[in-house]
Amino acid sequence: MASLPHLLGLGSLPHERMNSLSSHLRNWTLALSLLIAGVWLLRGGKVEQAKVDSRTEVVLWHFWGGADLEVVRDVVARFNTAQTEYRVREIAMPGNNLRAKLFLSAAGGEPPDLINIDDPVVADWYELGLVSSVDEIVSAEEAEKISEQLFPAARQLSSYSGKLVGICNGLDVRALYFNRSFLEQQGWAVPKTLEQLDQLNEQVGKLGLSQPRFAFLPTPRRALFFVNLFGGTVWDFASERPQLDSPAAVASLAWLQDYSRRYGAGDVAAYRQSDQSLPGKVFPLLPQADDQQVGRYVFSLDGQWRVRDLQAFRKQRAARGLSSPAFDVIPLPPPSSILANNSQEPGGWVNGNVFVFPRGGRTSPGAIAFAKFWIGLSNSQTAAEVAIAGGWIPVTPAVVSEAKYQAALAADPIFRQFVQLASSPQLQPTPVVRGAGYLQRLLESTAERVASDPSLSPEQELKAANRQLEDYLQSLSPSRTSTAGKRGGQ
Amino acid sequence: MSSTGKFNRETLAGLAFASPWLVGFALLFAWPFAISLYWSFCHFDLLNPPQPAGLSNYLRLWNELRTGQGFGLALFNTIYTVLISVPLSILLGVVLATWLSYDVPGRGLLRSLIYLPAMIPVVAASVLWLWLLNPSDGWVNGMLSWIGLPPQNWLTQPRSALSPETARLAIQGSPEVAKLFGSKDGLILMTLWGVGNYVVIYLAALGDVPKSLYEAASLDGANAWRRWCHVTLPMLSPVILFQLVVGIIRGVQTFTSVYLLSEGTGQPAGSLLTVSLQLFLAAFEDLQVGYASAIAWCLFVILAGSTWLLFRTSSAWVHYRTNV
């Protein structure tokens, strides 16, 4: 039988060459061993590194980038300057990576101390034992005090099963931006009901323009917003059961479907998809060319971050000596039937960023201290300055009341509308329940299917989706349910 | 030294040399493969120990298959794309390879151009195709308009070309039927772009076909078409079988492009929710690793079954050359 050196083709090499090869192999093995040892030592040295400046390090994971990242670094710098006990180290990661890395770090026993999320996963993560409730870190009184100071929407986003399971640090509010100049030029009134808004689509259609072809196009991805607008919800908190097939949900999907019926499902989808192809995904409400005074739509449902886009647009136009159309914002008007029965502000959907506190973090009290600093519970003036710089909506009335913040709002009436909306109890987040992410995906998918096929019955589709959600909820592990019961009773 | 002792020593040395691979195989393949079977009978959320759950994950899969939701929808979407894209890729690959096997002008350049897309990373290719398939200013619709065909809603329309809904619209004479192609068709088009991989293998196989067979066929009076049907195709059939098996496995496992084209959700309306994406969402979005493992095992059984079926039927259509 041939020996291994022969098999490897080395057998025919002279002895000197073999020795030289062996020597190389030894050197490489030694170098590799040194490298592994070095990496191992570096890993071991990490714990010491955390105490370099005698303060305890708080590790924050977040997904912010671009202009927001600068503001986040500013908050961290301000906190670190003000602190003698803790020092925050922020780590930015893309959204998709952040979640997978969190699971792996938690499974490995070394999660961050603080993490920022904007997906409806707080309840699931709490049930999994991945994150702590605030009253597990600070006293129940202090947790209650934090909760009381939040806007209703921020409190809802942070609470599950009667406990504060995170701290909301910013609200994302959607409202209806519109091109006021274009409306005035056409002699059209600002719509007060959803029917009037729909009617404006017909009027824009009669103009026969290639752009805008539609005054407004609702997207199925905001299905939850529309359910709330139609005066309903997708979760019954009394029975703790989903109700994706509630009358409001059926009515809202029928309204979405009506767009496809009137204008053609394919045309509506194609027009909407083309918004994404605008250079740099610019705000489709903005005119694209210098000689235009209107963009792809007259109305657009979007968040407060678009205020920055409007400001930049005005500035760019002014720099070129061009006039800019006037823009304004209103809450998305509800259907007339809802308006007649309800004298309150219209409903809608609100989202936000929430700080959560992974179990096993080295310094959860430090993480809470930073969260309180961020939202202005320890210094509302600093929080106001940061919120102005970031164009963020604060989560506490105290920060909104700050003189600097009020001055900023006075200078920007559009942004002021968003801040006023943020305090509305009519705004509902995605229900903070187990399976909320699945619920949201399922509702959006159903809305998209119904909107793309006018022959489908919204009621039947929603009933099927509700059954699917029920099955999903039943499939959740019993151990998690029993854990939930235990935690709820704590 | 006895031959047995030498054999043992050499075997040990051989195993030692192979140990990096063996350890990798055991830890990264065999162990996950085995443990995932156990997890498929458990509730497991990655963070807490798995809890035995009997057949509940499989019953859920069965229920979803029955109702056409979740796994049922994902399986339908996967089968649709694989059943169309794999045969089309093979057909296009064989045709292109046959063409390039002739002495056409610029053959080297054409071969490079056809293979070039296969070298582009799938992420870059997906982003490119997102733009190419844009309904308003994408090049694909631009070309369709140029030859007088209506633009298509490639990645925005859940309805696909070969679907009962399209058939219903066609029977009703609805103008909507002009928008024939949907998101799955867009994905298939993108898959065909990477046909260069197939072409290279077919070209190699074509070069291996003995000239004497063509000469014998010519002497028997066979024209070019008959030579292609009765010589080239049978001689390519082992490679076609290989491409069919590999193509089905790759097609079922397609993830990156689907994830990017559907923004990680399987949208529009779940029409791009493939089995691999459903598995990913279950495991890493919903943290239902037990259910995801059950999906993986179903997928394994389906792939193993289809591969077995292909091999069983191959004796009827695959021609293996024998040396006489």
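Helices (H or I, at least four residues) and strands (E, at least two) are DSSP runs, numbered from the N terminus. On this basis chain B has 14 helices and 2 strands. The model is predicted: local features need pLDDT of at least 70 and side-chain atom pairs count only at pLDDT 80 or more, while totals for chains, interfaces and linings use all residues. Residues are numbered from 1 along each chain as its sequence is written, chains are lettered from A and ligands numbered from 1 in the order in which they are written, and side-chain values use heavy atoms, with hydrogens and water left out.

Taken along the principal axes, the C-alpha atoms of chain B fill a box of roughly 75 × 65 × 35 Å. A residue is called buried under 20% relative accessible area, exposed over 50%, and partly exposed in between (1.4 Å probe, protein chains only). Of the 324 residues of chain B, 43% count as buried. The chain exposes about 17,200 Å², and carbon and sulfur atoms supply 72% of that area; accessible areas come from the Shrake-Rupley method with a 1.4 Å probe, and for residues only the protein chains shown count as cover.

A contact means heavy atoms within 4.5 Å. Among the contacts in chain B between residues at least 6 apart in sequence, 64% join residues at least 24 apart. For charges, Lys and Arg count as positive and Asp and Glu as negative, while His and the chain ends are not counted. The place of a charge is taken as NZ of Lys, CZ of Arg, CG of Asp or CD of Glu. In chain B, the mean positions of the 16 positive and 14 negative charges are 9 Å apart.

Helix 8 (residues 183-193) of chain B is largely enclosed by the rest of the structure, because 8 of its 11 residues are buried. Among these buried residues are Lys184(B), Asp185(B), Leu187(B), Ile188(B) and Met190(B). The buried residues of helix 8 pack against helix 3 (71-101), helix 5 (122-132) and helix 12 (256-261) of chain B.

The discussion now turns to charged pairs. A salt bridge is a side-chain nitrogen of Lys or Arg within 4 Å of a carboxyl oxygen of Asp or Glu. The structure holds 31 salt bridges over all chains. In one of them, the side chains of Arg89(A) and Glu57(A) meet with N and O 3.1 Å apart. Arg89(A) lies in strand 2 (residues 86-92) and Glu57(A) in strand 1 (residues 56-62) of chain A, so the pair ties together parts that are 32 residues apart in sequence. Arg89(A) is partly exposed, with a relative accessible area of 37%, whereas Glu57(A) is buried, at 7%.

A further salt bridge joins Arg359(A) and Glu136(A), whose closest N and O atoms are 2.8 Å apart. This pair links distant parts of the chain, 223 residues apart: Arg359(A) is in the loop between strand 12 (348-358) and helix 16 (364-375) of chain A, and Glu136(A) is in the loop between strand 4 (131-132) and helix 7 (140-148) of chain A. Arg359(A) is partly exposed, with a relative accessible area of 27%, and Glu136(A) is partly exposed at 35%.

Another salt bridge, between Arg441(A) and Asp286(B), has an N to O distance of 3.0 Å. This pair crosses between chains, from helix 21 (residues 436-452) of chain A to the loop between helix 13 (275-285) and helix 14 (289-317) of chain B. Arg441(A) counts as partly exposed at 21% relative accessibility, and Asp286(B) counts as buried at 10%.

Aromatic rings complete the account. Rings of Phe, Tyr and Trp (its six-membered ring) pair if their centres lie within 6.5 Å; planes under 30 degrees apart count as stacked, over 60 as edge-to-face and the rest as tilted. The count comes to 43 aromatic pairs over all chains. The rings of Tyr177(A) and Phe418(A) have centres 5.4 Å apart and planes at 40 degrees, so the pair is tilted. Tyr177(A) is in strand 7 (residues 167-179) and Phe418(A) in helix 20 (residues 413-422) of chain A, 241 residues apart. Tyr177(A) is buried at 0% relative accessibility, and Phe418(A) is buried at 0%.
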